[in-house]
Amino acid sequence: SGDEMKRDAAADTAWARVTTATTAAQQRQEIDAFLAIQQQGGAPPLMVDVTKRDGGAPAPIDDALWQNPQDYEVSLRYGERRYRFVPLSRSSLEPLFRE
């Protein structure tokens with residue numbers, strides 16, 4: 001639908017800002033903005049996958065991720081759409097795991 005296409009385009013633009021952020025604070029701000037766009041448009045549920053950067057093996061979402069987030073690549077999925085990034089700090093992870 002037209003609304004879905006607009007949301008996807010806005011999400012892609014917002015995601016580009018996440019992946020080009022140069023500071024942890026900026027990355028967190030851009031992740032918050034990206035998630036807000038998804039919430040506005042009735043996106044499918046968020047799914048999060050984590051892999052180790054040094055080999056790509058799937059990794060658990062555990063204390064090691066929180067202690068050394070830069071050692072991991074995080075993949076966000078909304079239905080078929082996938083967004084990958086390397087967290088600059090644990091602050092970038094916090095909004096992904098809100099209850």
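Helices (H or I, at least four residues) and strands (E, at least two) are DSSP runs, numbered from the N terminus.

## Basis of the model

The model is predicted: local features need pLDDT of at least 70, side-chain atom pairs count only at pLDDT 80 or more, and totals for chains, interfaces and linings use all residues. Residues are numbered from 1 along each chain as its sequence is written, and side-chain values use heavy atoms, with hydrogens and water left out.

## The sheet

Three strands make up an open sheet in the order E1-E2-E3, with antiparallel pairing; two strands pair if DSSP finds at least two bridges between them. E1 and strand E3 (81–85) are the edge strands, each pairing on one side only. From one strand to the next, the twist averages 20 degrees (axes are lines fitted to C-alpha atoms, for helices over the stretch in contact, and angles run from 0 to 180 degrees between N-to-C directions).

E1 and E2 run antiparallel and are joined by seven bridges. Val 50 stands opposite Val 74 in E2.

## Ser 75 in strand E2

Ser 75 lies in strand E2 (residues 72–78). Its relative accessibility is 5%, so Ser 75 counts as buried; buried means under 20% relative accessible area, exposed over 50%, and partly exposed in between (1.4 Å probe, protein chains only).

Residues up to four places away in sequence aside, Ser 75 touches Met 47, Val 48, Asp 49, Arg 82, Tyr 83 and Arg 84, where contact means heavy atoms within 4.5 Å. With Arg 82, the side chain of Ser 75 makes a side-chain polar contact of 2.9 Å. A polar contact is a pair of N or O atoms within 3.5 Å; within protein, one must be able to donate a hydrogen and the other to accept it, and residues adjacent in sequence count only if both atoms are side-chain atoms.

## Glu 30 and its partner Arg 17

Glu 30 is found in helix H2 (residues 24–40). This residue is buried, with a relative accessible area of 13%. Neighbours within four places in sequence aside, Glu 30 is in contact with Arg 17 and Val 18. The C-alpha atoms of Glu 30 and Glu 94, which are 64 residues apart along the chain, are separated by 13 Å.

Arg 17 and Glu 30 form a salt bridge, their closest N and O atoms being 3.4 Å apart. This pair links distant parts of the chain, with Arg 17 in helix H1 (residues 2–19) and Glu 30 in helix H2, 13 residues apart. Arg 17 is partly exposed, its relative accessible area being 37%. The two side chains also make a polar contact (3.4 Å).

## Other salt bridges

Side chains of opposite charge can pair when their charged atoms come close. The structure holds eight salt bridges, each a side-chain nitrogen of Lys or Arg within 4 Å of a carboxyl oxygen of Asp or Glu. One of them joins the side chains of Arg 28 and Asp 32 (3.1 Å, N to O). Because Arg 28 and Asp 32 are four residues apart in helix H2, about one helical turn separates them. Arg 28 counts as buried at 18% relative accessibility, whereas Asp 32 counts as partly exposed at 28%.

Asp 49 forms a salt bridge with Arg 77, the closest N and O atoms lying 2.9 Å apart. That pair links distant parts of the chain: Asp 49 is in strand E1 (residues 46–52) and Arg 77 in strand E2, 28 residues apart. Asp 49 is partly exposed at 30% relative accessibility, and Arg 77 is partly exposed with a relative accessible area of 23%. Salt bridges that share partners join Asp 8, Asp 12 and Arg 81 into one network.
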